[in-house]
Amino acid sequence: MENKKDLVEVPKTVLESIEIIPVKNVDEVLKVALTKNLKRVEWVEVDQISKKEKEKKELSTH
């Protein structure tokens with residue numbers, strides 16, 4: 001909660017796209033974090049992205 005004053009430094013566009021929940025301790029964080037539905041996150045390795053971009057580039061030059 002003490003850091004709440006620091007939110008003025010965060011750009012408005014960022015604040016509009018996230019939910020800020022001020023807490024005093026980790027117990028409060030866990031109560032919020034462990035009761036909300038989880039969102040699936042697709043993990044992509046950087047090597048895979050680089051490989052795909054390289055393949056695209058090679059194909060476009062032929």
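Across the protein chain of this predicted model, pLDDT (the predictor's confidence in each residue, from 0 to 100) averages 80, and 85% of the residues score at least 70. Confidence is highest in helix H1 (residues 12–17), at a mean of 90, and lowest in helix H3 (residues 46–60), at 70. Where pLDDT is low, the predicted coordinates should not be read in detail.

Let's walk along the chain. There are three helices and zero strands, so the order from the N terminus is α-α-α; helices (H or I, at least four residues) and strands (E, at least two) are DSSP runs, numbered from the N terminus. Of the 62 residues, 0% count as buried, where buried means under 20% relative accessible area, exposed over 50%, and partly exposed in between (1.4 Å probe, protein chains only). The chain exposes about 6700 Å², with carbon and sulfur atoms supplying 57% of that area, computed by the Shrake-Rupley method with a 1.4 Å probe, and for residues only the protein chains shown count as cover.

Now to the segment before H1, where Lys4 is found. Lys4 counts as partly exposed because its relative accessibility is 49%.

Residues are numbered from 1 along each chain as its sequence is written. Local features need pLDDT of at least 70, side-chain atom pairs count only at pLDDT 80 or more, totals for chains, interfaces and linings use all residues, and side-chain values use heavy atoms, with hydrogens and water left out.
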